[in-house]
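Subject: A structure for you to look at

Dear colleague,

I am passing on a structure that I would like you to read through alongside my notes. Please open it first, and then follow the description below.

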Amino acid sequence: MRREGPGVGGAEAQAQPPSAAREPLRTEFEFELPRGYVDESGTVHRHGSMRLATARDELVPLRDVRVRENPAYLSVVLLGRVITRLGTLGDVHDGTVENMFASDLAFLQDFYRQINAEGHTRAAVACPHCNESFEVELAGSRLGES
């Protein structure tokens, strides 16, 4: 059944810029940890990817006993759900996240906020010397690199 009326098809649907209609929604973002996760064999894993969180990803951890006992554990469980790849590890889960260095955990928490809350990984900045404004890409870059 095809529905016609305001907001369905017609001129409003065609009013979108052509580039917006052709660009697929990006749901996974690459990152590189500042220090890296060290597995049981001593291998350091730094490159990974994180997907956008769903409502379920944010609700399920609230039922976790560890989160109920310690609300700070929420980010560990949540990150364990949305990190899709880390180096050559076969599986990334909350146990992986809880054994990361604090600086890597802070990096991932910030990265999560960037891709889920703001919806992009670019930030507007200004040069402290000349005050010229420009954007920097935050996803997948190493700290200190532009």
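The accessible surface of the protein chain comes to about 10,000 Å², and 52% of that surface belongs to carbon and sulfur atoms; such areas come from the Shrake-Rupley method with a 1.4 Å probe, and for residues only the protein chains shown count as cover. Please keep in mind that this is a predicted model, in which local features need pLDDT of at least 70 and side-chain atom pairs count only at pLDDT 80 or more, while totals for chains, interfaces and linings use all residues. Residues are numbered from 1 along each chain as its sequence is written, and side-chain values use heavy atoms, with hydrogens and water left out.

The protein chain holds seven helices and five strands, where helices (H or I, at least four residues) and strands (E, at least two) are DSSP runs numbered from the N terminus. Read from the N terminus, their order is α-α-β-β-α-α-α-β-α-α-β-β.

Three of the strands make an open sheet in the order β1-β2-β3 with antiparallel pairing, and its edge strands, β1 and β3, each pair on one side only. Two strands count as paired if DSSP finds at least two bridges between them. Seven bridges join β1 to β2, and phenylalanine 29 has methionine 50 in β2 as its bridge partner. These two strands, β1 and β2, form a hairpin with five residues between them, and in the turn glycine 42 has a positive phi of about 95°.

Of the 146 residues of the protein chain, 29% count as buried, meaning under 20% relative accessible area with a 1.4 Å probe, protein chains only. The largest nonpolar core has 22 residues, and those with the most contacts inside it are Phe31, Leu33, Met50, Leu79, Ile83, Leu86 and Leu108. At least two residues of this core come from each of β1 (28–38), α5 (74–82), β3 (83–86) and α7 (102–118). A nonpolar core here is a set of buried Ala, Val, Leu, Ile, Met, Phe, Trp, Tyr and Cys residues joined through side-chain atoms within 4.5 Å.

With best wishes

Methods: Buried < 20%, exposed > 50% of the residue type's maximum accessible area, 1.4 Å probe, protein only.
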